[in-house]
Amino acid sequence: MSESSRYQPQAIEAAWQQQWQEQGLHATPELQPGDDAFYALSMFPYPSGNLHMGHVRNYVITDVVARVARLRGKRVLHPMGWDAFGLPAENAAIERGVDPGAWTDRNIASMREQLNQLGLSIDWDRELATCHADYYRWTQWLFLQFLEAGLAYQKDATVNWDPIDQTVLANEQVDSEGRSWRSGALVEKRKLRQWFLKITAYADQLLDDLPKLEGWPERVRTMQANWIGRSTGAELTFPVVDAEGNDTAEAITVFTTRPDTIFGASYVVLAPEHPLVAKLTTPEQAIHVEAFCDLVSRQSEQERTADDKPKRGVPIGAQVRNPANGELIPLWIADYVLAEYGTGAVMGVPAHDQRDFVFARQYELPVRQVIIPEGSDEHAFEGGAWTEAGVLIHSGPFTGLASGEAKRAIAEAAEGQGWGRAKVQFRLRDWLISRQRYWGCPIPVIHCDSCGVVPVPNEQLPVELPRDVAFSGKGGSPLAQLESWWQVACPCCGQPARRETDTMDTFMCSSWYYLRYSDPHNTALPFSRKAVDSWLPVDQYVGGIEHAILHLLYSRFFTKVLRDRGLLGFDEPFQKLLTQGMVQGITYKNPHSGKYIAPADVADPTDPRDPVTGEVLEVFYEKMSKSKYNGVDPAVVIDKYGADTARMFILFKAPPEKDLEWDDADVEGQFRFLQRIWRLVDGAAERGLSLADGAGTPAAVAEALASGAPSGEEQELRRAVHTAISAISDDLDGDYQFNTAVSELMKLSNAMAAHLEASRAALACEALRTLLILLAPFAPHLAEELWLKLGGRRETEQLDSSSVHRQAWPLADAAALVRSTVPLVIQIKGKVRGSLEVPADADKATLEQLALASDIAAKWLEGKAPSRVIVVPGKLVNLVP
């Protein structure tokens, strides 16, 4: 084989990428009535500037899905864009003195080039970036739709405050120890007026529609259901009493899923931020309460609610009356109660709630048992709370009722007597979208002293971010310090007014981007109803499990609101969801120092030791990251092996939903496999085989078979071809199994290497045609090059009609799968000693005769007759001496 005919991916991949782009091979077709549309979408990335292997896996998976859909005759939309607002660009502006917009655009250009090197079939004409005004104009327009519908509002809310930098921090800017991401200061809690979206108005729909998402992983649906957290229970009111025990005008309302335990309540506990804490705290307890509230303000929500953290609290000196039995019980505050959840107050029932039990034991509060297991005698549960169902005791008129019945009866009594009501409560809270930072979508409202909150008129959108901004990282949002930007006239009365200086949570931008792709050049609307209903919902969405809750939940919320606004006609945005596993790299760690060691610094991988201390290192696979020195640069792999090899490895190494362990040896193995395919096809071309003029098509094969029955080798070849078609087609339907599909390609190439030369041209061309079409979604450059080499297209032809990627997905011929013979395993005393090809329809007696007459029997039985013969038709014969 000449040097020019060797497989050299670097010589062919860039050339094909350029041709595909120039000829618009991946352009989205215009949909006509009756077209079978297919929308394949990857979760769009943040433009950090560097592609990592997690990106590669995500986008290659989606690309295979899109390419297969095209081969199956579907009209495919496969776009890409950038989730481009957020902290990293603002950090770059602070640290590097650069414009965040220019920094982001440079990163986008770099990552677009890296993505193109993977040979992705993306329609770049539909590219969008959330930080560009032609996109966030419509994010603002949609916000105003929420505002008009009564689903956007402002209220005072507790936020994270950095006391050194004097600025608000998002939750993601606070570390696990409650410290600021920049200054390292302990974060405090402050009250600020913030913007919210009323996602709780759709809580029931978001929960009740989860069963419709049959194409989603059960794990993701469960995570969303738990996040929404619907609880059925009751709101109960505990009157606050004065020093003489008389009811006052104040009352504490609690929500509980266990109204059947109210007779066991021994205290009521408030969140430290509850508005009544300051009012009800007695002078004697004021100093203790103030100190405790200050302590809690420096804790993160995760710390306060963690199961493994001690629960702390103090009494505030006030008492409330248990409305069920009239008993006076103390009022406490505790760190484990959150103001934003429920009513910000809970009743403490230590005997029947484990958290309350631990708290009561710590502070020597009474533990009163009011429920016992059915059929048991009363006894204390010293080891913890009894939280299961049972029978009520010491519960007044409800004593003796089963707990399920008692829940209903006590809720009804509470409602009838005016101290409670049945209620459904959600864990889900309204979505806080305000961010006190610059690099985000401006909230399009104006604050007027006379008119209140005034929406920016649609014709004045977008409210653009100013570019003449100074970044210090301190003192709040740069927008709030730019008077020339926020000083405006009220659109209603014309008087001096103030722009809103908060920007939106970046999840706002990513909650609707998939809709814009359907109509990206529309300048009158974010999308037309016709376009969005034609392409959506997304047929296949691919992304990481880390987005299982917030992004997917917010996207579902957006879709339902926009449906109710008449902007689209479907209930859910994504029909099928694939959450791909992580890419893990081999990792070396010193178990004593906790220091990670770069693989290049490990002298002997068979005996890995710290290059400085000589200590034995731990070796394991972990998610690739710079801090662990275990990442692999996609560019290095592509430069050495080519994009097709990288794609094949990513797809072959593990099922798509499982974590993938990077292994250089396996990458090399995929490269060798593609080399074998190159040699196989190149050899066929040198022998004069060609796919020109319809060679190898079903019609040509039928004509060849009509002229003469296939030989044994031809039968084997056709069986391998149509087995591969059937198996790979199954692997690419429903739950994608790309790894087994690649295995089937390997089996097919092996069969072709064995039988191709002995087969007639028509049948050999059928195998070659099938191999390249089946290979095309996985290794698109190699398939296109070999298609050209075999004459599947001429140099002068347009790719859109003659490309391997524009062929029809092959259909399996059932007749080719029928076997006239089958392999029969021969065992001697239970051990496999060989096999025979036998007639597929042979009966037991025939199989026994064939086995006894075989060379295998002669060798291992040494002329002796077996004492017993066991025949399993179609599988094996076991000869027992």
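In the helix pair formed by H21 and H24, Ala 700, Val 701, Ala 704 and Leu 705 of H21 meet Ala 762, Leu 763 and Glu 766 of H24. The model in which this contact is found is a predicted one. Helix H21 spans residues 698-707 and helix H24 spans residues 761-775, and the two pack at an angle of about 150° with their axes 9 Å apart. Because angles over 145 degrees count as roughly antiparallel, H21 and H24 are assigned to that class. The crossing in which H21 passes H24 is left-handed.

On the side of H1, the contact is made by Ile 12, Glu 13, Trp 16, Gln 17 and Trp 20, and on the side of H25 by Pro 780, His 781, Leu 782, Glu 784, Glu 785 and Leu 788.

Turning to the strands, S12 (residues 328-334) has five of its seven residues buried, so that this strand is largely enclosed by the rest of the structure. Strand S12 pairs with S10 (residues 267-270) in the parallel sense over three bridges, and with S11 (residues 313-321) in the antiparallel sense over six bridges. The hairpin of S11 and S12 has six residues between the strands, and in this hairpin Gly 326 takes a positive phi near 80°.

Trp 332, which lies in strand S12, takes part in both of these pairings, being the bridge partner of Val 269 and standing opposite Pro 315. With a relative accessibility of 8%, Trp 332 counts as buried, since the cut-off for that class is under 20%. When neighbours within four places in sequence are left aside, the contacts of Trp 332 comprise Tyr 267, Val 268, Val 269 and Leu 270, together with Gly 313, Val 314, Pro 315 and Ile 316, and also Phe 359, Tyr 363 and Leu 365. The C-alpha atom of Trp 332 is separated by 7.8 Å from that of Gly 317, a residue 15 places away along the chain.

An open sheet of four strands, with antiparallel pairing, has the order S20-S19-S22-S21. Strands S20 (452-455) and S21 (487-489) stand at the edges of this sheet and have a single partner strand each, so one side of each is left without a neighbour in the sheet. From one strand to the next, the twist averages 40°. Within the sheet, S19 (residues 445-448) and S22 (residues 496-499) pair in the antiparallel sense over two bridges, and His 447 stands opposite Arg 498 in S22.

With regard to the cysteines, the structure holds zero disulfides. Cys 509 is in no disulfide, and the nearest cysteine sulfur, which belongs to Cys 441, is 5.3 Å away; a disulfide would require the two sulfur atoms to be within 2.5 Å. Cys 509 is buried, with a relative accessible area of 0%, whereas Cys 293, with a relative accessible area of 23%, is partly exposed.

Conventions:
Residues numbered from 1 in each chain as written. Predicted model: local features only at pLDDT ≥ 70, side-chain atom pairs only at ≥ 80, totals over all residues. Heavy atoms only, no water. Buried < 20%, exposed > 50% of the residue type's maximum accessible area, 1.4 Å probe, protein only. Pairing = 2+ DSSP bridges. Axes fitted to C-alpha atoms, helices over the stretch in contact; angles between N-to-C directions. Parallel < 35°, antiparallel > 145°, perpendicular 65-115°, else oblique. Left-handed = near helix turned anticlockwise from the far one by under 90°. Contact = heavy atoms within 4.5 Å.
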